[in-house]
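Dear colleague,

I am passing on the structure we spoke about, and you will find it just below. My notes on what was found in it follow, arranged by region.

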Amino acid sequence: MNRKYLFRVTLISLLLVAITVMAVAAQDMPTAPQKAQPAIAERGESASPAANVNESEPNNSFATADYIEANHWRNPEYLDVMAGMISPAGDIDYYKFEDEAGYTSFYVADIDAASNGSPLDAYICAYDHTGLELGCNDDSDGLDSLLIVPYEDEDGVFYIKVQELNHGNEGGNDYTYTLSVYSPLLISAATNGTVNGVPFQAADILAFNGLKWMLFFDASDVWVSANVTSFNHNLMKLALSFAKNQVVTGENLQQYTATPYDVVGFNATQWGPATHGAFENVLLFDGSNYGLSAASEKIDALGPRSWFSSEMVLSTTGAAAVPKAGGGILKGRDEDLLVPNTATGQWTMAFDGSLLPGLGTEDVTATSWLPCFCDNTMLVIQGTGTVMGTKLTQKDVYLYDVEFPEWSYRIFRGPEHGFNYNIDGLD
């Protein structure tokens, strides 16, 4: 055989082997982590409530909008579940809702279409009473939409527009949907679990509207795995603390570590089973700068000082000794709510739990304010106990009426709604 020919054949063979090896290696090379797509049954929400009202055509403008009753999670019996249809192609539906009392800071406009087998790829927008667009959403939950509507309109009138994403080209009698507008209860559990068919992790936050459960903050979407021990939600921003050190990625793509003494801020661009957004570039609250360092001073409850205040209140897992406003040391216990002054680094007592009968021997592990003009506070205790004569477990939420303590009562009991897990964060 010609030596030159043999050399060429050998060289080509070696090149083919090298290319094959490189191709196999490329398949095995690590890539940026991608979240697996969930099965339809695990899309992040429980079954849609049955519709109890129907749209009426024409409703394709602000002036002809159908009225839909929006409501609070505590009053699901008054919640409208609207049955609608995008038909014919190019149809647009408008809905109007009101909240003149202002007993919430935000509403959720929730569409169920694809999740019910409809071909509709819903696109929804919200508007204030002047027609100013407040936001739009597509695909928060598969092909379904979820939109936060901020309560910032003194007139208390809002509009929701529903259309097919491929507007003008698609529609028909099978392009059906249901729409509900509600103010949810937000809850984080101390463990992984499943509620009404919705699997969740201890790092997730669930939304409950009184009839339906949904993943509101899917922690795995933003690479969080540590148990969320407390949180506070404000429209598109979330304040979070963790049970252990958690590495987070800021908006500038730089990573930093949040400890159980810290609070981080997450800025969302989309809530729901498909959570999008990024953490702030720095800690929202660095506990080491405010005297938190002992094992008993880890944060286990977080909230605003009041419904209309931007001040933060914290409760710790045990006894805390921090710099006191005016000098000296402020000694707090695990049932107390303390307020750090971000300007001075000093603390004041916002709520002395020992003054509430029975709470002095308990640990407040979650807190928030029930929106109203009376600033009632919601509390969760660790384990079991009796507060003001009411037997509670960590699956219960207790409402303490600041102005009329005798009106205080258990406002939420998890097992009654399929939630058989200890609560360690709520809003």
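Which residue in strand 33 stands opposite Met378? The residue is Leu399, and I begin with the sheet around this pair. Please keep in mind that this is a predicted model, in which local features need pLDDT of at least 70 and side-chain atom pairs count only at pLDDT 80 or more, while totals for chains, interfaces and linings use all residues. Residues are numbered from 1 along each chain as its sequence is written, and side-chain values use heavy atoms, with hydrogens and water left out.

The sheet

Strand 30 (residues 376–381) and strand 33 (residues 396–400) pair in the antiparallel sense over 3 bridges; strands here are DSSP runs of E with at least two residues, numbered from the N terminus, and two of them pair if DSSP finds at least two bridges between them. They belong to an open sheet of 4 strands in the order 29-30-33-34, with antiparallel pairing. Strand 29 (364–370) and strand 34 (409–413) stand at the edges with a single partner strand each, so one side of each has no neighbour in the sheet.

Thr275 is placed in the loop between strand 21 (264–270) and strand 22 (276–279), and because its relative accessibility is 1% it counts as buried (under 20% relative accessible area, with a 1.4 Å probe and protein chains only). Leaving aside neighbours within four places in sequence, Thr275 is in contact (heavy atoms within 4.5 Å) with several residues, including Phe216, Phe217, Asp218 and Phe266. The C-alpha atoms of Thr275 and Phe217 are separated by 6.0 Å, although the two residues are 58 residues apart along the chain. A polar atom of the Thr275 side chain lies 2.7 Å from the backbone oxygen of Gly272.

Asp218 lies in the loop between strand 16 (213–217) and strand 17 (228–234), and Asp218 is also buried, with a relative accessible area of 6%. Its side chain makes a polar contact with the side chain of Ser220 at 2.8 Å (a pair of N or O atoms within 3.5 Å, one able to donate a hydrogen and the other to accept it, where residues adjacent in sequence count only if both atoms are side-chain atoms).

Definitions and conventions: Buried means under 20% relative accessible area, exposed over 50%, partly exposed in between (1.4 Å probe, protein chains only).
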